[in-house]
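Trainee: Could you walk me through this structure, one feature after another? I would like to learn how to read each of them.

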Amino acid sequence: MAKPILIVDDDVDMRQLLQDVCESGGYASVSAWNGREALKVLETLKKSKNLPGLILLDLKMPVMDGQTFISVLQSESHQKSGLENIPIVVMSAHSVELKGQVIEYIMKPPKIDMILDIAGRYCENSVNL
């Protein structure tokens, strides 16, 4: 069974579009409107042993932006929690150099086939904690 996809974006329309794309490809999705909320969602998913196979992440968001979210996931407090190994795809209108879990950049608006291709690579064979 495919792992869910976590969508983190403050734009309601973009979140809905991405959720619709995920559903059309047969992937479950959960969403958060900023990085802080996404961390809470991840902790809940970890407790249920259903971590996402992929995170689709916007960079510019209120409360906690994408770069800070990535830094928190890579911090010592999250090391060896399983959260630090979830692949991240950054969605942005601007190219930014990030390290660690970022596996790809997608320019907004994202192409449906690209999202589904990435989801297939990372969500189909993911392992639960």
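Mentor: Start with the order of elements: from the N terminus on, the chain runs β-α-β-α-β-α-β-β-α. Helices (H or I, at least four residues) and strands (E, at least two) are DSSP runs, numbered from the N terminus. The total here is 4 helices and 5 strands.

Mentor: Two remarks on the source: this is a predicted model, in which local features need pLDDT of at least 70 and side-chain atom pairs count only at pLDDT 80 or more, while totals for chains, interfaces and linings use all residues. Residues are numbered from 1 along each chain as its sequence is written, and side-chain values use heavy atoms, with hydrogens and water left out.

Trainee: What percentage of the 129 residues of the chain count as buried?

Mentor: Buried means under 20% relative accessible area, exposed over 50%, and partly exposed in between (1.4 Å probe, protein chains only). By that rule, 47% of the 129 residues are buried.

Trainee: Which residues have the most contacts inside the largest nonpolar core?

Mentor: In soluble globular proteins, nonpolar side chains tend to be buried together. A nonpolar core is a set of buried Ala, Val, Leu, Ile, Met, Phe, Trp, Tyr and Cys residues joined through side-chain atoms within 4.5 Å. The largest one here has 21 residues, and Leu42, Ile55, Leu57, Phe69, Leu73 and Ile88 have the most contacts inside it. Two or more residues each come from strand E1 (5-8), helix H2 (35-47), strand E3 (54-58), helix H3 (66-74) and strand E4 (88-92). H2 gives the largest share, 5 residues. There is also a second, separate core of 16 residues, which includes Ile5, Val21, Leu56 and Ala119.

Trainee: What is Phe69 in contact with, leaving aside its neighbours within four places in sequence?

Mentor: Contact means heavy atoms within 4.5 Å. With those neighbours left aside, Phe69 is in contact with Gly35, Ala38, Leu39, Leu42, Ile55, Leu57, Met64 and Ile88.

Trainee: At what angle do H2 and H3 pack?

Mentor: Axes are lines fitted to C-alpha atoms, for helices over the stretch in contact, and angles run from 0 to 180 degrees between N-to-C directions. For H2 and H3 the angle is about 35 degrees, and the axes are 9 Å apart. Gly35, Ala38, Leu39 and Leu42 of H2 meet Phe69, Val72 and Leu73 of H3.

Trainee: How many disulfides does the structure hold?

Mentor: A disulfide is a covalent bond between the sulfur atoms of two cysteines. The cut-off used here is a pair of cysteine sulfur atoms within 2.5 Å, and the structure holds 0 disulfides. For Cys22, the nearest cysteine sulfur is that of Cys123, 7.6 Å away. Cys22 is buried, with a relative accessible area of 1%, and Cys123 is buried too, at 0%.

Trainee: Is Lys49 buried or exposed?

Mentor: Lys49 is exposed, with a relative accessible area of 52%, and its place is in the loop between H2 and E3. Val63, in the loop between E3 and H3, also has a positive phi, near 70 degrees.
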